Amino acid sequence: MARSVPPTSELALPQGTPTDGTGLVAWGRTVFRGAPLLSLGFLTLAVACALCAPLLAPYDPIQTNRSQTLVPPGFGRHLLGTDHLGRDILSRMIYGARISVTVGFLAVFVSGTIGTCIAVISGVLRGWPETVLMRLTDAFLALPFLMVAVLIVSLLGPSLVNVVLVIGLLRWMTYARTIRSEVLRLTEMDFVRLARAAGARRRRIIVQHIFPNIVNTLLVLGTLEVGSAVITEASLSFLGLGVPRPLPSWGTMLAESQTHVFTAWWLPVFPGIAITLLVMASNLTGDWLRDRLDPTRRQL
Amino acid sequence: MTEALLEVRDLAKHFPVTRGLLRGKQIGAVKAVDGLSFRIQPGETFAIVGESGCGKTTLANLILSLVPPTHGDILLHGQSIARFSPAELMLYRKSVTAVFQDPYGALNPRMRIGDVITEPMAIHGYARRARQQRLQEVLRAVGLSADSARRFPHEFSGGQRQRVGIARALVLQPPLVVLDEPVSSLDVSIRSQILNLLKDLQAEFGISYLLISHDLATVEHMSDWIGVMYLGKLVEIGQAKTTCRQPRHPYTATLVAAATPPGRTPPWTLPIMGEVPHGLDIPSGCAFHPRCPYVQPICRTHTPPLTMLTAQHQVACHLYPEAMSAATWPPAPVTSA
Amino acid sequence: MQAPTQPADDTPLLAVRDLRTHIFTRRGVVKAVNGVSFQLRAGETLGLVGESGSGKTMTCLSILRLLPRGARIVSGEIVLQGSDLVTASEAALERLRGKQMGMVLQNALAALDPVFTIGTQVGEPLVIHQRLSWRAALRRVVELLRLVKVVAPEMRLHSYPHELSGGMRQRVASAAAIGCAPALLIADEPTTALDVTTQRQYLDLLKELQQATGMAIIFVTHDISLVGNMCDQLAVFYGGLLVEYGPRQQILSQPSHPYTMALLQAIPQLGESRERLASIAGEPPDLGRLPAGCPFHPRCEAALDVCRTGAPPPVFPLAQGRQVRCWLREQEHDRSAVGSA
C-alpha cells in the first residue's frame, strides 16, 4: 500500500480536549465517564465487605449454634437465616465476600504478572524466546484445569494460598496472548522506532514506551478475569478443593447446602446470587472499560 | 572537494525468504535496497524520490542504523559506522535523527510533550537543567508555546504534532535529519507551514536533510539534489532543478509527467505502462524494462550501472551507454508503446 | 455499454440546495455541512476540493444517504433526476444506489470483500438491480473489466482482492460501481492510496469511462492539483461551506475566495522556483466549534469586521456562473448584477 490516508476523517470529534490538572486527574475524569453504576456499586460493596468484614458482620461466621439451625430469613435476629449448623448466613456471606474478593484479586495479580512478563519478553526479544514461550502458552492452554487443580491441591493441601496459586498458575495464558499482540503492535509504532534510533536501550523502551501503553489492556483484562477467578474459586470450593472448611467461601456454602436444597431454600440461593452478581459486575465493568479505553477512539 | 557529511557506498539490505520446516532453506531474497551510493554535503538537502515498494523505508532504517546492512557502508565524516564502538555509535545516533510521516504514531500518547522532546537528551545522559533549557529553545524554534511542554499529544493537531517531532529531531543539534514523508499526512494548508519551517531551520542551523518522499513538487522545492529510486536501486542522481526539468531516465520522466500540473506539458512525454511490481518479482536486467517504452534487448539481460552523464548527473540506463553521451534529448522511442 | 438517456431539456441531473447535515454528539452539534448548493449535469465532472473536516465527504454521504450514526440531514434538498433523495424511503434509496448512483471509495481494499471473488462482487449489483442471471452477469463483468483495462479479465473473475495490486483493485472497484450504468458516480478520494504514476493512469481511465457512458462524476479530493484535467466545475469547501464554485479553469486561474487563493499559492508546483511557499497561518477549523461569521476569518489576511460576526457570508453569484461566499466580493457581485440587469 502506497500512501497513508489524509489525517482525521470528517467524523473526527473536536481535538484539543482541554485537560486541567495533572495527567492522572484528567485520565481519571475521562475514564470514569458513562460508567455502569450498579456494577461498580456492587464491586465496591464486595470490596467493602472484604475489607471491613469484622465490622460489618453481626455474628461470628464459624460460630455454630445448635439451637438456631435452619432458621429462615426474616427480620428477626438473622436477616438471611442460618444454616444447618446454626451459623448466621449474613455473616458468612460477608466473610465469604472477603474470600472471593481476596482470591479474585490475588489470583488476577499472580496470573497477570506471569502473563505480562511472558508477553513482554516474547514480544520484545522475538526469535527463540518468543517461540519457546508461545509454545509453552499453548501447552498450558491444553492442560485440563480441573485435573491439575486436583493434583496441586492434593499435593499441597487445601488452603487460601494454594487456591490463589492454582488459579494464578493456570490462568495466565489469556494475558500472555493478548498483551503480546499489544506489545507487537507497540514495537512497530514510530515512537518506539524513533526511541531506538536515538539510542534507547531495551529496558528504557519497555519501561517508558511499552508498559504505560499496555496498562489499559491489562486493566480491562484484569477486571474481566476477576469474575472468572471468583467463579473458579467457588467451583473449587464447591468440590472441596478450595479453601478449607469451616472458612465460609460461597462455593463451600453452596456445597453444604446440597442436602438441604428443598427444605431451606436460603442456603443455596444467597451465595448463588452473590457469585452471579459479582461475576456479572466484573464482566460489565470490564466491558465498559474496554469500550472506554479503546485506543482506536484516539482519546486517552 | 569538501568531505561529505554522510556517504553511502554500495549499501544493500536483502531480506531472505525461507521455506522448510525450520525455515532453514532460503529460496530467494527481497532486495529492498540493492547497492545504493550517494553523498550528502553539509547544509544541503538530498532527496530520495520513489513510489511504494522502492525501498525508501528500508533505506531510512539503514541510515538510522536500526537494521544492519547486508553489505555496503555508511560513512559519517568519512568514518565507517560498521567499525564504530558502542560509544561511537551513540555519537552517531546523536548526529543523525529523524522525523517520520505519521504525526499520530510518532508520539507516545502517554508522555508529555516536554518529555517526548527531551527524550534523546535523557537517553544520552544530559542533566535535567540542561534538558529544560534546551527544551525552551527548541520549542521557540519550531513555533510552539512554552507551556506546551506539559501537555499530552492528543491535545495537539496533526501539524503541531509534526512540529513536536521536528523539535525532538533537533534537540541534540544533529548535523543530519532524515525526513521520511514529513508532510504527506498533513492537511494541505498546513504543509507549507511545515515546509517553510524546515527550510528556515536549515538556513539558521546549517542542518542537512535526507528527504524521502514520493511528491516530486515538494522535493523539487526543498532539495538541492535528487536521487530517483526504483525497486531498491538508484536510477538517476542529479541536481533537483535539472533532474526535474530534464529527466534522463524514463522512470524519472514518468514521475515528472505525473507530477506536472495540468495545463503544462511535461518536458518528456511518454506513456505510463503497468505498475510497480512486487519486491519478490524484480524483473531481470534493468528492473524497469517491462514498463519502459524504450526497451532494448540488452535491458532484459544486463542491469545498467550508474554512469556519469556530467559531473553533476548520473543515470543508470542503456540509453546512455557511455558517459557524457547525451547527444539527443529526449531520446527517440525504440519500440512503439 | 449504453449511455443513460439524456434529459431533453437542460435540467441538471443532480441539484443540491442549501444542504445542511449535522452530527449530534455528546459534546454538541457538529455542523458538518452548513448550507451547500450545487448542480451537476449529465456528462459533467464536479470536483469537491477541501481538506479533512471541510464537509466534502459528508456531503457525498448525504447524497447517498449513507450517513453514520448520529448524523442527520436537517434541511435542504437533494434532487436526483427529479426525485428528492432527502425524503425518499430507505427502500427507494436501495433501488437507487448501485443503479443510479455508483460509489468509489478511497481504500479499494476496504471496498472489496476479501472472501468473495472479483466476479461475484462486480456481478452482484447486476444481478440485483438488472435481474440478470449469474451467467449473463459474469459475461457482463468480463466486459466491464476489459473496459477498466484489467488484463485477462476471464481469469480475473476467479481472483480474490488480495491477489491484485493496488491499482488494479481500484479499477475493479470502479467496474463494480459503474456496472449498472449509473447516471452519477461519486468518487471519494479514489487515488489517495495509489502511487503517483498509477494515479494518472486511473484518472485517465475515469475520463475515458465518462466519455463512453456519459455519466456525471462527483470527484472528491483534498489535492487541488488533481482536478486539473478531470473536472469541469469546481467546488471549494471550507468549514462545512462551499466557499467558491464555478468553472474549474476560471477558478484555478482567477480564484476569488481568499482561501482558494491562499491554497493555490501554498502548494508547491513542479517547475516553479520559489524560495518560500506562501503559507496559511492557523489550522483548519473544528466543525464542532466554528467561529462566528465566516469560518475562514481567523486565517484570512483580508478579514473585515463583518467577516468576524454574525452568520457566514451568503452566496454571491458572480459572472459566468461563478459563486463565492465572501464579503469582499459583495461589491463585485453588485456590479456584475447591475451589469447584467
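Which residues of helix 9 of chain B are buried? They are Pro250(B), Tyr251(B), Thr252(B), Ala253(B), Thr254(B), Leu255(B), Val256(B), Ala257(B), Ala258(B) and Ala259(B). This is a predicted model: local features need pLDDT of at least 70, side-chain atom pairs count only at pLDDT 80 or more, and totals for chains, interfaces and linings use all residues. Residues are numbered from 1 along each chain as its sequence is written, while chains are lettered from A and ligands numbered from 1 in the order in which they are written.

**View 1. Helix 9 of chain B is largely enclosed by the rest of the structure.** Ten of its ten residues are buried. A residue is buried if 20 or more other C-beta atoms lie within 10 Å of its own, exposed if 12 or fewer, and partly exposed in between, with C-beta atoms placed from the backbone. Within chain B, the buried residues pack against strand 3 (45–49), helix 7, strand 9 (225–230), strand 10 (233–239) and helix 8 (240–245). Helix 8 (196–213) of chain C packs there too. Helices (H or I, at least four residues) and strands (E, at least two) are DSSP runs, numbered from the N terminus.

**View 2. Chain B meets chain C.** Here 33 residues of chain B are in contact with 30 residues of chain C. Two residues are in contact if their C-beta atoms, placed from the backbone, lie within 7 Å. On the chain B side, helix 6 (188–205), helix 7 (216–222) and helix 9 (250–259) each give two or more residues. Helix 6 of chain B supplies the largest share, eight residues. By class, the chain B side has 14 nonpolar, 13 polar and six charged residues. Ala, Val, Leu, Ile, Met, Phe, Trp, Tyr, Cys and Pro count as nonpolar, Asp, Glu, Lys and Arg as charged, and the others, Gly among them, as polar.

**View 3. Eight strands of chain B form an open sheet.** Their order is 6-7-8-3-9-10-12-11, and the pairing is mixed. Two strands pair if DSSP finds at least two bridges between them. The edge strands are strand 6 (96–99) and strand 11 (307–310) of chain B, each pairing on one side only. From one strand to the next, the twist averages 25°. Strand 7 (residues 176–180) and strand 8 (residues 208–213) of chain B run parallel, joined by five bridges. Leu176(B) has Ser208(B) in strand 8 as its bridge partner.

**View 4. Strand 4 of chain B pairs with strand 1 and with strand 5.** Strand 1 (residues 6–19) and strand 4 (residues 71–76) of chain B run antiparallel, with five bridges. Val8(B) stands opposite Ile74(B) in strand 4. Two bridges join strand 4 of chain B to strand 5 (residues 79–80), again antiparallel. Leu76(B) has Gln79(B) as its bridge partner in strand 5. The hairpin of strands 4 and 5 of chain B has two residues between the strands, and His77(B) takes a positive phi near 50° there.

**View 5. Four strands of chain C form an open antiparallel sheet.** The order is 2-1-4-5. Strand 2 (28–40) and strand 5 (83–84) of chain C stand at the edges, each with a single partner strand, so one side of each is left without a neighbour in the sheet. Strand 4 (residues 71–80) and strand 5 of chain C pair over two bridges. Leu80(C) has Ser83(C) as its bridge partner in strand 5. Helix 1 (residues 56–64) of chain C packs on the sheet and touches strand 1 (14–25), strand 2 and strand 4. Its direction makes about 75° with that of strand 2 of chain C.

**View 6. Helix 4 and helix 7 of chain C are roughly parallel to each other.** Helix 4 (residues 118–130) and helix 7 (residues 166–178) of chain C pack at an angle of about 25°, with their axes 7 Å apart. Axes are lines fitted to C-alpha atoms, for helices over the stretch in contact, and angles run from 0 to 180 degrees between N-to-C directions. Angles under 35 degrees count as roughly parallel, over 145 as roughly antiparallel, 65 to 115 as roughly perpendicular and the rest as oblique. Ile118(C), Gln121(C), Val122(C) and Pro125(C) in helix 4 meet Val172(C), Ala175(C) and Ala176(C) in helix 7. This contact has six nonpolar, one polar and no charged residues.

**View 7. Chain A has eleven helices and zero strands.** Buried residues make up 42% of its 300 residues.
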